[in-house]
Amino acid sequence: MYAVEEPETSQHPDAQKMIVNTFREMTEKNGCQVIITTHVPGLAGQLPLKSLRHITK
């Protein structure tokens, strides 16, 4: 299990896409879980909808 807070911080949009793709590969190939926090809807939009959880508290 990996936890990453706001991976988009100070990253070019192309680098953000690369990070998301890497997280996706990690979960598909290695069976691990990746938990991220973000305030950027565009970053969350790159993830499969079924994998998203909206936590308010």
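Helices and strands here are DSSP runs, numbered from the N terminus; a helix has at least four residues and a strand at least two. With that in hand, open the model, which is predicted.

**Stop 1: colour by confidence**

Colour the chain by pLDDT. The mean over the protein is 87. Residues at 70 or more make up 100% of the protein. Now compare the elements. S1 has the highest mean pLDDT among them, at 92. H2 has the lowest, at 84.

**Stop 2: the strands**

Select residues 2–5 for S1 and 34–37 for S2. How do S1 and S2 run? They are parallel, and four bridges join them. Pick out two of the pairings. Ala3 stands opposite Ile35 of S2. Val4 has Ile36 as its bridge partner in S2.

S1, H1 and S2 together form a β-α-β unit, and the unit is right-handed.

**Stop 3: the loop between S1 and H1**

Select Glu6, which belongs to the loop between S1 and H1. Its phi is near 45°, a positive value in a residue that is not glycine. Glu6 counts as partly exposed, at 24% relative accessibility.

Move to Glu8, in the loop between S1 and H1. Is Glu8 buried or exposed? Its relative accessible area is 8%, so Glu8 is buried. Show its contacts, leaving out residues up to four places away in sequence. Glu8 touches Gln16, Thr37, Thr38, His39, Val40 and Leu43. Then draw a distance from Glu8 to Val20. Their C-alpha atoms are 9.3 Å apart, with a separation of 12 residues in sequence.

Go on to Ser10, also found in the loop between S1 and H1. Phi of Ser10 is near 60°, again positive in a residue other than glycine. Ser10 has a relative accessible area of 73%, so it is exposed.

**Stop 4: helix H1**

Select residues 13–29, which make up helix H1. Check its length with a distance between the end C-alpha atoms. At 1.5 Å a residue, the 17 residues should span 24 Å. The end C-alpha atoms are 24 Å apart, which agrees.

Next, show the side chains. Which residues of H1 are buried? They are Ala15, Gln16, Val20, Phe23 and Met26. Look down the axis of H1: its buried residues fall within an arc of 140°, so they line one face of the helix. These buried residues pack against strand S1, strand S2 and helix H2 (41–44).

Turn to the face of H1 that points away from its buried side. Exposed residues Asp14, Met18, Glu28 and Lys29 are carried there.

**Stop 5: Gln16**

Stay in helix H1 and centre on Gln16. Its relative accessibility is 15%, and buried means under 20%, so Gln16 counts as buried. What does Gln16 touch, leaving out residues up to four places away in sequence? Its contacts are Glu8, Gln11, Leu43 and Gln46.

**Stop 6: past the end of H1**

Follow the chain out of the helix. H1 is followed by Gly31, where phi is positive, near 65°.

Select Gln33, in the loop between H1 and S2. Gln33 has a relative accessible area of 47%, so it is partly exposed. Leave aside neighbours within four places in sequence, and Gln33 is in contact with Met1 and Tyr2. Draw a distance to Gly45. The C-alpha atoms of Gln33 and Gly45 are 18 Å apart, for 12 residues in sequence.

**Stop 7: Val40**

Pass through S2 to Val40, placed in the loop between S2 and H2. At 32% relative accessibility, Val40 counts as partly exposed. Finish with a distance from Val40 to Lys57. These two lie 17 residues apart along the chain, and 18 Å separates their C-alpha atoms.

Notes:
Residues are numbered from 1 along each chain as its sequence is written. This is a predicted model: local features need pLDDT of at least 70, side-chain atom pairs count only at pLDDT 80 or more; totals for chains, interfaces and linings use all residues. Side-chain values use heavy atoms; hydrogens and water are left out. The expected span of a helix is 1.5 Å times one less than its number of residues. Buried means under 20% relative accessible area, exposed over 50%, partly exposed in between (1.4 Å probe, protein chains only). The arc is that of the directions from the helix axis to the C-beta atoms. Contact means heavy atoms within 4.5 Å. pLDDT is the predictor's confidence in each residue, from 0 to 100. Two strands pair if DSSP finds at least two bridges between them. A crossover is right-handed if, with the strands pointing away from the viewer, the path from the first strand over the helix to the second runs clockwise.
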